[in-house]
Amino acid sequence: MGSSNFVYIVFLLLIAGAPLSYAWGVDGHYMICRIAQSRLTSTASSAVLDLLPSGANGDLASECSWADNVRTAYPWSSPLHYVDTPDNLCTYDYSRDCHDSSGNAGYCVVGAINNYTTQLLSYPTSRYNLTQALMFLAHFMGDVHQPLHVGFTTDAGGNGITVYWYTTKTNLHSVWDTKIIQTAMSNYYGNDHNIMADSINANITSDQVSQWDACGSSSADCANNFATESIQDACSYAYQDASQNAKLNDTYFLSRKPIVETRIAQAGVRLANLLNQIFV
Ligand code: ADE
Ligand code: ZN
Ligand code: ZN
């Protein structure tokens, strides 16, 4: 083998082994879907296995970032990952807030959850692509639980707020998508998202499951409630002490990590509940 080939292969091995993260990063979505899949009824589990693409090897978690990878190929899907709310108001209102930048109603994360839920209800005799519907729904149930995916309009959910995560320059949105999770994985979970997910899952009580699943009579109410919880967490925790150029370190990390872990747990439990109600 030539030395340039060798360098290339070493490079491939390095990037294959590195935990790449972008949007709730790959790790956040992976953990949410791993928790959800462990809580499916046998009927829902069979439907999910039937719909997953063959490359997934029956693993829902491996497909839960697919929606982020098609943002460019499907430009209409980009506004479906979040919902922006009026600056500093700390409330979410479907009719006021759930639209894309051209004002098309329903083009936000809550509208997307309701749309893909409706599509999946037509399983198995559907005119829709239910494999994509499942991968979108599993992803957007994660996004709606990321507090800054229901953030303020002017700063685009913290994307416009530069902060320092320990010594690294980044933005507040990335802190909540990836930095808190990566720091927790590295400090407590051997840098392994399976260990972190299973630990979060094992600490969920049956009282929490009943509370989290009780959210109104229709799935539309539920998704609206998840968005309201997120903007409240955004105001109480994410934006607090995180103004432009803020230096975030242990004080912020240790107080916000429990919020992130709770949101991951809730998203997993609620995704399972939703799929269990769809596939009966
Ligand atoms: N773009 C605009 N607002 C956003 C948000 N809240 N989350 C992610 N991307 C966004
Ligand atoms: Zn994000
Ligand atoms: Zn997303």
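A search of the whole structure finds four disulfides, a disulfide being a pair of cysteine sulfur atoms within 2.5 Å. The structure is a predicted model, in which local features need a pLDDT of at least 70 and side-chain atom pairs count only at pLDDT 80 or more, whereas totals for chains, interfaces and linings use all residues. Residues are numbered from 1 along each chain as its sequence is written, chains are lettered from A and ligands numbered from 1 in the order in which they are written, and side-chain values use heavy atoms, with hydrogens and water left out. The pLDDT, which is the predictor's confidence in each residue on a scale from 0 to 100, averages 92 for the protein, and 91% of the residues score at least 70. Over residues 1-22, however, pLDDT stays under 50, and for this stretch the model has eleven contacts beyond four places in sequence, where a contact means heavy atoms within 4.5 Å.

When the bonded cysteines are counted along the chain, the disulfides follow the pattern 1-2, 3-8, 4-5, 6-7. One of these links joins Cys90 to Cys235, with an S to S distance of 2.1 Å, and it is left-handed, with -95 degrees about the S-S bond. Because Cys90 lies in the loop between H4 and H5 while Cys235 lies in helix H11, this pair ties together parts that are 145 residues apart in sequence; helices (H or I, at least four residues) and strands (E, at least two) are DSSP runs numbered from the N terminus. Cys90 counts as partly exposed at 27% relative accessibility, whereas Cys235 counts as buried at 14%; buried means under 20% relative accessible area, exposed means over 50%, and partly exposed lies in between, as found with a 1.4 Å probe on protein chains only.

The sulfur atoms of Cys98 and Cys108 are 2.1 Å apart in another disulfide, and the torsion about their S-S bond is about -100 degrees, so this disulfide is left-handed. Both cysteines lie in the loop between H5 and H6, so the pair ties together parts that are ten residues apart in sequence, and Cys98 and Cys108 are both buried. A further disulfide joins Cys215 to Cys222, with an S to S distance of 2.0 Å, and it is right-handed because the torsion about the S-S bond is about 80 degrees. Cys215 counts as buried at 9% relative accessibility, and Cys222 is likewise buried, with a relative accessible area of 13%.

The zinc ion (ligand 3) is coordinated by His81 (ND1), His139 (NE2) and Asp143 (OD), at 2.0 to 2.2 Å. Donors are taken to be N, O and S atoms within 2.8 Å of the metal (3.2 Å for Na, K and Ca), and since water is not among the atoms, sites may look incomplete. Along the chain, the donors of this zinc ion follow the spacing H-x57-H-x3-D. His81 lies in the loop between helix H4 (66-69) and helix H5 (94-97) and Asp143 in helix H7 (residues 130-143), so the pair ties together parts that are 62 residues apart in sequence. His81 is buried, with a relative accessible area of 0%, and Asp143 also counts as buried at 0% relative accessibility. The zinc ion (ligand 3) and the zinc ion (ligand 2) are separated by 5.7 Å.

Side chains of opposite charge can pair when their charged atoms come close. With a salt bridge defined as a side-chain nitrogen of Lys or Arg within 4 Å of a carboxyl oxygen of Asp or Glu, the count comes to eight salt bridges. Among them, Arg263 and Glu229 meet at 2.7 Å, N to O. Arg263 lies in helix H12 (residues 250-278) and Glu229 in helix H11 (residues 219-238), so this pair ties together parts that are 34 residues apart in sequence. Arg263 counts as buried at 2% relative accessibility, whereas Glu229 is partly exposed at 23%. Asp241 forms a salt bridge with Arg256, the closest N and O atoms being 3.3 Å apart.
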